[in-house]
Amino acid sequence: MYSSASIDENEFSSSISKQDVDWRAKLALQHIGSLFSKRVIDVIKANTDDLGPLSLDSFRKNNLSASWKFSGQEDVINNNSSPAEESTRKWTKTGKEEKILDGHPESADTPAKLVRRQLRDKRRETRAADLVKKDDDVIIKLENAAIERSKSVDSAVLGKYSIWRKENDNENIDTTIRLVRDQMIMARVYMSIATMKNKTQLARELQSQLKESQRALGDATADADLNRSVGEKVKAMGQLLSKAKNQLYDCKLVTGKLRAMLQSADEQVRSLKKQSMFLSQLAAKTIPNGIHCLSMRLTIDYYLLPLEKRIFPRRENLENPDLYHYALFSDNVLAASVVVNSTIKNAKEPEKHVFHLVSDKLNFGAMNMWFLLNPPGKATIHVENVDEFKWLNSSYCPVLRQLESAAMKEYYFKSDHQSTGSSNLKYRNPKYLSMLNHLRFYLPQVYPKLNKILFLDDDIVVQKDLTELWKVDLNGNVNGAVETCGESFHRFDKYLNFSNPHIARNFSPNACGWAYGMNMFDLEAWKKKDITGIYHKWQNMNEDRVLWKLGTLPPGLITFYGLTHPLDKSWHVLGLGYNPSIDKKDIEKAAVIHYNGNMKPWLELAMTKYRSYWVKYIKFDHPYIRGCKLGE
């Protein structure tokens, strides 16, 4: 029933059917093939030839040698066998059972078999180690190949950084500078604690070493900028900090000091941001020296002219409703010249265009002189002084009356005001005191005999013929403008105070905003709907600035609410004075581009990428411009 333990190995081998071996080898390879690639199987096969064919069943039975065979499951296990009996069975090399008595087999291995088994185990361990080593070599080769491929990638697309590159293995760039700064922070903390605990000697040592670290750091922003002696300073500071830690360290105290330093730094950042905001607003609203020089020289020359030479030609066109009329209100000579020049150069029939310019008394002479010296071809131009509009007085105009009030003067001119928020810095601006900014609400009064007029800001550039705008049907509306709202921005709630019941009752917070800068106004419809009267009503209600902040867009949104016809966005592209990511295609396709924002094209803080659209309409070889060094 049981095979002899001394059976010869050759007889054991010959007892195995060749057909059975082939069948089991194929079955085993099918299972293995689903787990490993062909290359891995070939390696295993080459290193196990001396063990004979593989049998997966042999590994299921106590991890026996690959040469032990399981001849047929159905003949081996007796269905009537008890579990206890099963535990006493073991499979021999002949495929038969071997009785186990008291945990030991009836037949014991001979010394020769034990030696062969030990040799086989040793060979297995050696081959396993070789396979692991070969896997490590393959991984290293793959990594090196990936590194080489990464170096050939176009850095213009992906940038200079690649995680696979050897030179980027060290993530801690400029670690010395960071270490010095961290040491200085901890030195200040321990110096404060030492002073508090009357450790004056230690406090003096920390202060002295802190000064040394500050001198060593200087203005360096990278490790390469540091002095060679910085290593000694770092070492000395480290030793002193270690000493201070041993004497003074208290987790609660150190945490409190660090929190106080963080709060102080945060307050400094907020203060600097506020200061930066103020300076930005100031820079945006000041006139550069070159433009001021140009205005002064032109003014002097204008008042030296005889009266008969101060008159523009073609005055008969000023009230002709069949021509194309433009309204431009500005105190900037150079900006106004760009608007006029760009419009005329892109016009199909320049002789049919009429420009109505209004300036203040300070720049009236300069504006006249510039266009007398540089007439816009066959187009008609006329310059007026807003201070000569006698009908525009405080008894008629609410804004003028409000500007003369004590509260408004205090808001603008008192330096000890408590509110210094960024919004106040923006609106506390001299341009809101100028009637040039509010004259847009009085167009029928300024031009009573015109039917339509195109209003232009002085920070725009015209790139196409605009005469098609006069053909646009406004559908009974007064104002034709490009809308500026997106999904959630530039809607009415951005400009108006909807906590006020007057605003909440009359307007929708989600109503779409629109842009000033290029607006077609139907002056006949304006008069019928009494637009100026609507403006006066709401301006009177806003005397204490409870409905909106200062400016002309909020009252414009209110005044023309429900009376604005949306124009196609290609007519007017905005944002060149603040948005650096406007699509170039949109700019080149636009009829008018608008430098709204602080970065005006005539300022040094203008965005270089957009400035070329503006400067190409300036003649830098003009003697006045060259004399004021505006081209430099």
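Guide: Let's go for the disulfides, and then look at some rings. A disulfide here is a pair of cysteine sulfur atoms within 2.5 Å of each other. What you see is a predicted model, where local features need pLDDT of at least 70 and side-chain atom pairs count only at pLDDT 80 or more, while totals for chains, interfaces and linings use all residues. Residues are numbered from 1 along each chain as its sequence is written, and side-chain values use heavy atoms, leaving out hydrogens and water.

By that sulfur rule there are two disulfides. Take Cys485 and Cys512: their sulfur atoms sit 1.7 Å apart. The torsion about their S-S bond is about -95°, so this disulfide is left-handed. The bond links distant parts of the chain, 27 residues apart: Cys485 is in the loop between strand 9 (479-481) and helix 20 (492-495), and Cys512 is in the loop between helix 21 (501-506) and strand 10 (518-522). Helices (H or I, at least four residues) and strands (E, at least two) are DSSP runs, numbered from the N terminus. Both Cys485 and Cys512 are buried. Buried means under 20% relative accessible area, exposed means over 50%, and partly exposed is in between, using a 1.4 Å probe and protein chains only.

Now for Cys293 and Cys628, whose sulfur atoms are 2.2 Å apart in their disulfide. This link is left-handed as well, with -75° about the S-S bond. Cys293 belongs to helix 13 (residues 289-303) and Cys628 to the segment after helix 27 (623-627), so the bond ties together parts 335 residues apart in sequence. Cys293 counts as partly exposed because its relative accessibility is 26%, whereas Cys628 is buried at 8%. If you number the bonded cysteines of the protein chain in sequence order, the pairing reads 1-4, 2-3.

One more cysteine to point out is Cys397, which is buried with a relative accessible area of 0%.

On to the rings. A pair of aromatic rings is described by the distance of the centres and the angle of the planes. Rings of Phe, Tyr and Trp (its six-membered ring) pair if their centres lie within 6.5 Å; planes under 30 degrees apart are stacked, over 60 edge-to-face, and the rest tilted. That gives 23 aromatic pairs. In one of them, Trp391 and Tyr442 have ring centres 6.0 Å apart and planes at 55°, so the pair is tilted. It joins distant parts of the chain, 51 residues apart: Trp391 sits in the loop between strand 6 (380-385) and helix 16 (398-403), and Tyr442 in the loop between helix 18 (422-427) and helix 19 (443-446). Trp391 is partly exposed at 29% relative accessibility, but Tyr442 is buried at 0%.

Tyr442 also pairs with Tyr396: the centres are 5.9 Å apart and the planes at 50°, so this pair is tilted. Tyr396 lies in the loop between strand 6 and helix 16, and Tyr442 in the loop between helix 18 and helix 19, so parts 46 residues apart in sequence are tied together. Tyr396 is partly exposed, at 32% relative accessible area.
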